[in-house]
Amino acid sequence: QITTVSGNEFLFQSDIDFLILDWFHAIKNAIDRLPKEQRITSRNLEFKLRRSSSIELLNNLDTESKEPKPEHRKSLIFRLNYSASDTNDRNRIKSRLKKFISRRPSLKTLQEKGLIKDQIFGSHLHSVCEHEKSTVPQFVRLCIEAVEKRGLDVDGIYRVSGNLATIQKLRFVVNQEEKLNLDDSQWEDIHVVTGALKMFFRELPEPLFPYSLFEQFVEAIKIQDNATRIKCIRSLVKKLPRPNYDTMKILFEHLQKIAAKESVNLMSTQSLGIVFGPTLLRPEKETGNMAVHMLYQNQIVELMLSEYSKIFGSEED
């Protein structure tokens, strides 16, 4: 956004970085070519390059720029503010816009009216399940069905990364629409589906293995006697909240099917442990034992895949 000395305002937006840079250089060159008497001194010229939303610009109109927050939509805003005779006009406009923003309905109100849908990505597992009236998120079920339908034999399934832009597009669609068809041609790359599923678990505010049980799982995997180790982990799994337990059970059952095709897809229980360990369980606060924790995270997932029937089976099993 550019505000000229005469008060004219122009807004330039694009998703293409090199085009934005071309605009910047063109504007800068135009200013440099102005006669000296028409130039604004550097003391009165405030130039800021930032990624921002319109709200951030309003809240920080006359303050020093803070660290920019990443936005899903690229929008580089160029502002040229002049401390000239239009200062009062700017302050008056800013005041009116702040009043307008302060009167906006809350996010909760908009959600209750159905104007904003509840997010799937980035929400707590229990919140997603409560909203869907289930114990396993529908998105997780759909991804698992798609992978088992057309991805069990794919080399490096879950290890190979999909196109990040397409994964983000799928993420957006899931958050905005109630119905999702993963058989649509735009999701034909199965690595996009697996990438989105891993992203869903990675973005949970609290991982599938709750923070409160992390240390107990780590202590359990350290037990030397295999039978005792399995019994201890089984006991911890039984303590999980219902959405966590049911989602974990269906996910590990699915990963077992992946490992069963190891000769084709080259994904062993160890490989799956390396991929899913840090995604499914992590400490609430990272410490200097990160590398050690990662080793245990991988081992926990690997053991639970290898001993799936003993850990998730009935007592008689």
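Axes here are lines fitted to C-alpha atoms, for helices over the stretch in contact, and angles run from 0 to 180 degrees between N-to-C directions. I am working from a predicted model, in which local features need pLDDT of at least 70 and side-chain atom pairs count only at pLDDT 80 or more, while totals for chains, interfaces and linings use all residues. I number residues from 1 along each chain as its sequence is written, and side-chain values use heavy atoms, with hydrogens and water left out.

**Entry 1: the whole chain**

I looked up the secondary structure and found 15 helices and four strands in the protein chain. The helices (H or I, at least four residues) and the strands (E, at least two) are DSSP runs, numbered from the N terminus. I then looked up burial: 40% of the 317 residues of the protein chain count as buried. Buried means under 20% relative accessible area, exposed means over 50%, and partly exposed is in between (1.4 Å probe, protein chains only).

The accessible surface of the protein chain is about 19000 Å², and carbon and sulfur atoms hold 52% of it. Such areas come from the Shrake-Rupley method with a 1.4 Å probe; for residues, only the protein chains shown count as cover.

I also looked up contacts, meaning heavy atoms within 4.5 Å. Taking those in the protein chain between residues at least 6 apart in sequence, I noted that 70% join residues at least 24 apart.

**Entry 2: the core**

Which residues have the most contacts inside the largest nonpolar core? They are Y158, F209, F252 and M304, in a core of 68 residues. A nonpolar core is a set of buried Ala, Val, Leu, Ile, Met, Phe, Trp, Tyr and Cys residues joined through side-chain atoms within 4.5 Å. I followed F209 and left out residues up to four places away in sequence; F209 touches F217, M248, F252, L280, L281, I300 and M304.

**Entry 3: α6 and α11**

I looked up how α6 (138-150) lies against α11 (residues 242-260). Their axes come within 11 Å and cross at roughly 10 degrees. α6 is therefore roughly parallel to α11, since angles under 35 degrees count as roughly parallel, over 145 as roughly antiparallel, 65 to 115 as roughly perpendicular and the rest as oblique. R141, I144, V147 and E148 of α6 make the contact with I250, L251, H254, K257 and I258 of α11.

The crossing of α6 and α11 is left-handed. A crossing is left-handed if the near helix is turned anticlockwise from the far one by less than a right angle, and right-handed if clockwise.

**Entry 4: α11 and α13**

α11 also packs with helix α13 (residues 269-280), at an angle of about 150 degrees and with the axes 10 Å apart. Are α11 and α13 roughly parallel or roughly antiparallel? They are roughly antiparallel to each other, and α11 passes α13 in a right-handed crossing. From α11, residues L251, F252, L255, I258 and A259 meet T269, L272, F276 and L280 of α13.

I listed the buried residues of α13 as L272, G273, V275, F276, G277, T279 and L280. These buried residues pack against α8, α11 and α14 (290-306). In helix α14 I looked up M294, which is partly exposed with a relative accessible area of 37%. The C-alpha atoms of M294 and I274 are separated by 8.4 Å, although the two are 20 residues apart along the chain.

**Entry 5: two buried leucines**

L125 lies in helix α5 and counts as buried at 5% relative accessibility. L125 and E206 are 81 residues apart in sequence, yet 8.0 Å apart in space, C-alpha to C-alpha. Leaving aside neighbours within four places in sequence, I found L125 in contact with P137, F200, L204, L208, P243, N244 and T247.

L180 is in the loop between α7 (164-176) and α8 (190-202). Is L180 buried or exposed? At 19% relative accessibility, L180 counts as buried. With neighbours within four places in sequence left aside, its contacts are F139, L142, L170, V173, V174 and W187.

**Entry 6: positive phi**

Most residues other than glycine have a negative phi. I looked up two with a positive value. K133 is not a glycine but has a phi of about 55 degrees; K133 sits in the loop between α5 (125-132) and α6 and counts as exposed at 76% relative accessibility. L266 has a phi near 60 degrees. L266 is in the loop between α12 (262-265) and α13 and is partly exposed, with a relative accessible area of 48%.
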